[in-house]
Amino acid sequence: MFSPSNSDPEEDGPEPVPGQPPIKHILNSLDYALQPIVDVGTGVVYGYEAQIRNCIRTGASSTDDLLNQAHAQGFLPHLETALLRKAATKFMALRTAKGTKLFFKLDGRGLGENEDPRMNMDAILVEYGLAEKPGLPGVFRPPSGNPE
């Protein structure tokens, strides 16, 4: 499944490791675009939506295809947790994101089943400074203050 086909080898990401879920391969191949969400009336940026880019480098034709394949192969919960970390890292590096919110799309199939790591995503938000304490759903904003 996750193998590039009919693509330029120079544009392909690193090869997946046989016998292991290709999460590292996927993370190294993907990037996030942070699309500003703007209040049309004031022009103020309210937040940024994390949009997955470069799915073709993973062998998937789209974001939906990527998530469908991860679900079919049984590692969607671990992939989504890793994707949140990748999106949060990019968001925190964006100076203009200070005081705004991160919008992260979660597929959520099977959410909460079989020791699902996505049930601890709030701890990831705390780790990255996007929430003050675990248990605050929807609070995805970096601490305000002066950019470094």
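How many aromatic pairs does the structure hold? It holds two (rings of Phe, Tyr and Trp, its six-membered ring, with centres within 6.5 Å; planes under 30 degrees apart are stacked, over 60 edge-to-face, the rest tilted). This is a predicted model: local features need pLDDT of at least 70, side-chain atom pairs count only at pLDDT 80 or more, and totals for chains, interfaces and linings use all residues. Residues are numbered from 1 along each chain as its sequence is written, and side-chain values use heavy atoms, leaving out hydrogens and water.

**Aromatic pair**
- Tyr46 and Phe103 form a tilted pair, 6.1 Å centre to centre with 40° between the planes.
- Tyr46 lies in strand E2 and Phe103 in strand E3, so the pair ties together parts 57 residues apart in sequence. Strands (E, at least two residues) and helices (H or I, at least four) are DSSP runs numbered from the N terminus.
- Tyr46 is partly exposed, at 45% relative accessible area. Buried means under 20%, exposed over 50%, partly exposed in between (1.4 Å probe, protein chains only).
- Phe103 is also partly exposed, at 33%.

**Nonpolar core**
- The largest nonpolar core has 31 residues. Such a core is a set of buried Ala, Val, Leu, Ile, Met, Phe, Trp, Tyr and Cys residues joined through side-chain atoms within 4.5 Å.
- Leu30, Tyr32, Leu66, Leu79, Leu83, Phe91 and Phe104 touch the most other members.
- Elements giving two or more residues include helix H1 (23-29), strand E1 (31-38) and helix H2 (63-72).
- The largest share, eight residues, comes from H3.
- Beyond its neighbours within four places in sequence, Leu79 is in contact (heavy atoms within 4.5 Å) with Ile23, Ile26, Leu66, Leu67 and Ala70.

**Loop between H2 and H3**
- Phe75 sits in this loop and is buried, at 3% relative accessible area.

**Salt bridges**
- The structure holds six (a side-chain nitrogen of Lys or Arg within 4 Å of a carboxyl oxygen of Asp or Glu).
- Glu49 and Lys105 meet at 3.0 Å, N to O. Glu49 lies in strand E2 and Lys105 in the loop between E3 and H4, so this pair ties together parts 56 residues apart in sequence.
- Glu49 is buried, at 18%, whereas Lys105 is exposed, at 61%.
- Glu80 bridges to Arg118, with the closest N and O atoms 2.7 Å apart. Both residues are buried.
- Glu127 bridges to Arg85, with the closest N and O atoms 3.0 Å apart. This pair links helix H4 to helix H3, 42 residues apart.
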